[in-house]
Amino acid sequence: MTAKEYLAQARNIDHDIRDMLEEVAVLRSMAEKTTAILSGMPGKATKDTSRLADTVGKLIEQEKKIDGEIDRLVDLRTEIYAAIQQVADRDARRVLHLRYMGYRSWSAIAEEMQLSLRQIYRLHGEGLKKISVRA
């Protein structure tokens, strides 16, 4: 694994968590739409209760997965932060921090640091060389 791949893991996990949260929102919406139907007729008094139970079970399962991914993301971000802090050059360190901890675009980093994109890319490359990868 390259230093760049190592540092990019946090963004990938963050995107996965966001996707999982969207799925939870869909499941929650489905669970809320499954309501009881009351009637005076004998027989089944509700819609398919097993459907509601299945949806709630999936919702709980997905939330557990999200919790696990959040824990993994927090641990990884702590590791990445420590790795970035080892870079001696302050500007290179800041580029790495803004890119991999702040998920900023190259142009946003250049604007914030008041440097050209070319300088940002150069600092990024220098910073990556100083990162020790933990596989």
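Predicted model: local features only at pLDDT ≥ 70, side-chain atom pairs only at ≥ 80, totals over all residues.
Figure 1. Gln62 belongs to helix H2, which covers residues 49-85. Its contacts, leaving aside neighbours within four places in sequence, are Met20, Glu23, Val24 and Leu27.

Figure 2. Val24 sits in helix H1. Its relative accessibility is 6%, so Val24 counts as buried. Not counting residues up to four places away in sequence, Val24 touches Leu59, Gln62, Glu63 and Ile66. For one of these, Glu63, the C-alpha atom is separated from that of Val24 by 7.2 Å. Along the chain, Val24 and Glu63 are 39 residues apart.

**Figure 3. Asp14, a charged residue that is buried.** Asp14 is part of helix H1. Asp is classed as charged. At 14% relative accessibility, Asp14 falls under the 20% limit and therefore counts as buried. Asp14 is in contact with Leu73 and Tyr103, leaving aside its neighbours within four places in sequence.

**Figure 4. Tyr103 in the loop between H3 and H4.** Tyr103 lies in the loop that joins these two helices. Its phi is near 55 degrees. That is a positive value in a residue other than glycine. With 24% relative accessibility, Tyr103 counts as partly exposed. Tyr103 is also one of the contacts of Asp14.

**Figure 5. The contact of H1 with H3.** Helix H1 spans residues 3-33, and helix H3 spans residues 90-101. The two helices pack with their axes 8 Å apart, at an angle of about 45 degrees. That angle makes H1 oblique to H3. On the H1 side, the contact is made by Lys4, Leu7, Ala8 and Arg11. On the H3 side, it is made by Leu96, Arg99 and Tyr100. By class, this contact has 4 nonpolar and 3 charged residues, and no polar ones.

Figure 6. Helix H5 has 13 residues, 117-129. At 1.5 Å a residue, H5 should span 18 Å. The C-alpha atoms at its ends are 19 Å apart, which agrees. The buried residues of H5 are Ile120, Leu123, His124, Gly127 and Leu128. Seen down the axis of H5, these residues fall within an arc of 135 degrees, so they line one face of the helix. An α-helix has 3.6 residues a turn, so residues three or four places apart point the same way. The buried residues of H5 pack against H1, H3 and helix H4 (106-113). The face of H5 turned away from the buried side carries the exposed residues Arg118 and Lys129.

Figure 7. Leu117 lies in helix H5. Its relative accessible area is 37%, so Leu117 is partly exposed. Leu117 touches Trp106, Ser107 and Ala110, not counting residues up to four places away in sequence. For Leu117 and Ser107, the C-alpha to C-alpha distance is 6.7 Å. In sequence, Leu117 and Ser107 are 10 residues apart.

**Figure 8. Gln114 in the loop between H4 and H5.** Gln114 is found in the loop between these helices. Its phi is positive, about 55 degrees, although Gln114 is not a glycine. Gln114 has 72% relative accessibility and counts as exposed, because the cut-off for exposed is over 50%.

**Figure 9. The chain that holds these sites.** The secondary structure comes to 5 helices and 0 strands. From the N terminus on, the elements run α-α-α-α-α. The chain has 135 residues, and buried residues make up 30% of them. Of the contacts between residues at least 6 apart in sequence, 62% join residues at least 24 apart.

Notes:
Residues numbered from 1 in each chain as written. Heavy atoms only, no water. Axes fitted to C-alpha atoms, helices over the stretch in contact; angles between N-to-C directions. Helix = DSSP H or I, 4+ residues; strand = E, 2+ residues; numbered from the N terminus. Parallel < 35°, antiparallel > 145°, perpendicular 65-115°, else oblique. Contact = heavy atoms within 4.5 Å. Expected span 1.5 Å × (residues − 1). Buried < 20%, exposed > 50% of the residue type's maximum accessible area, 1.4 Å probe, protein only. Arc of directions from axis to C-beta.
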